[in-house]
Amino acid sequence: MTEDPIELFGQWYREAEQCKKIADASAVNLATASPSGAPSSRMVLLKGFDQDGFVIFTNLKSRKGKELEQTSQAALCFYWAPLARQVRIEGSVVPVNDEEADQYFGSRPLKSRIGAWASRQSEPLESRTTLLKQVVIQTARFAQGEVGRPAFWSGFRIVPDRMEYWTNGEYRLHDRILYTRDMDGRWQHGLLYP
Ligand SMILES: Cc1cc2nc3c(=O)[nH]c(=O)nc-3n(C[C@H](O)[C@H](O)[C@H](O)COP(=O)(O)O)c2cc1C
């Protein structure tokens, strides 16, 4: 058992990335809640992690974007089936700064950047044609210049205060290690019944 859950995450994440049976180790379920407490979840891609937290990017006006801003709380759940491992992460949410968002947005393929401009993520869409028209309009608009990041598109950092590592065990006797941050910001850990 290691003292530092982020370090442990690094080890497990590397193993998931190296596992040929895992198509995309970065795919993770992100759970948010409305201000009244109604939960919702969806898959996103983890775009970075370090001692400061776990970074994801999205449209800020999407359902998740609004809920992350409104409640400043989120949970992530990875499941790497071929390794029989689950990692749960819970914590507070802070927006990434513009520089970090610009840097990641700039690294995306051109068509994904145009797609971000064309999509009003999570709003009702009349027809697929309407979306494709938007792609044409945005492509023409940016024909001459750089496709910069829209103000409505950025990222969030989930700053963990609770992380749980789960390994499948025989006869449902799974291993669960829970890390929680204490008042001084230090990680404490212990076991949970499966
Ligand atoms: C594997 C996978 C990865 C995804 N990654 C992202 C992502 O990084 N950011 C994002 O905004 N949506 C991503 N999506 C789409 C979301 O699951 C979701 O459909 C969309 O963001 C709208 O969610 P919302 O209405 O709850 O905001 C991904 C979907 C899948 C299946």
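Asp4 counts as buried, because its relative accessibility is 17% and the cut-off for buried is under 20%. Keep in mind that this is a predicted model. Asp4 sits in the segment before helix 1. Along the chain, Asp4 and Gln51 are 47 residues apart, yet their C-alpha atoms are separated by 9.5 Å.

From that segment we go on to helix 1, which covers residues 5-18, and to the core. The largest nonpolar core has 31 residues. Among its members, those with the most contacts inside it are Phe9, Phe78, Trp80, Ile89, Met163 and Tyr165. Which elements supply at least two residues each? They are helix 1, strand 1, strand 4, strand 5 (73-80), strand 6 (85-95), strand 7 (153-167) and strand 8 (175-181). Helix 1 gives the most to this core, with 6 residues. As background, nonpolar side chains in soluble globular proteins tend to be buried together.

Now strand 1 and its partner. Strand 1, residues 27-33, pairs with strand 2 in the antiparallel sense, over 7 bridges. One of the residues to look at is Asn29, whose bridge partner in strand 2 is Met43. The hairpin of these two strands has 5 residues between the strands, and in it Gly37 takes a positive phi near 100°.

Ser40, Arg42 and Val44 make up the covered face. Pro39, Ser41, Met43 and Leu45 make up the uncovered one.

Strand 2 also brings us to the ligand. Which residues are around the ligand? They are Arg42, Met43, Val44, Leu45, Phe57, Thr58, Ser62, Arg63, Lys64, Gln121 and Ser122. By class, this shell has 4 nonpolar, 4 polar and 3 charged residues. Strand 2 (39-45), strand 4 (53-59) and helix 2 (63-71) each supply at least two residues of the shell. Which element gives the most? Strand 2 does, with 4 residues. Strand 4 is also among the elements that supply at least two residues of the core.

Next, the atoms that approach the ligand. At Phe57, a backbone N or O atom lies 3.0 Å from a nitrogen atom of the ligand. At Arg63, a backbone N or O atom lies 3.3 Å from an oxygen atom of the ligand. Gln121 uses its side chain: a polar atom there lies 3.0 Å from an oxygen atom of the ligand. How much of the ligand does the protein bury? Taken alone, the ligand exposes 620 Å², and the protein buries 61% of that.

Definitions and conventions
Residues numbered from 1 in each chain as written. Predicted model: local features only at pLDDT ≥ 70, side-chain atom pairs only at ≥ 80, totals over all residues. Heavy atoms only, no water. Near = heavy atom within 4 Å. Polar contact = N/O pair within 3.5 Å; in protein donor to acceptor, adjacent residues only side chain to side chain. Areas by Shrake-Rupley, 256 points an atom, 1.4 Å probe, with all protein chains shown as cover. Nonpolar A, V, L, I, M, F, W, Y, C, P; charged D, E, K, R; others polar. Buried < 20%, exposed > 50% of the residue type's maximum accessible area, 1.4 Å probe, protein only. Pairing = 2+ DSSP bridges. Core = buried A, V, L, I, M, F, W, Y, C linked by side-chain atoms within 4.5 Å.
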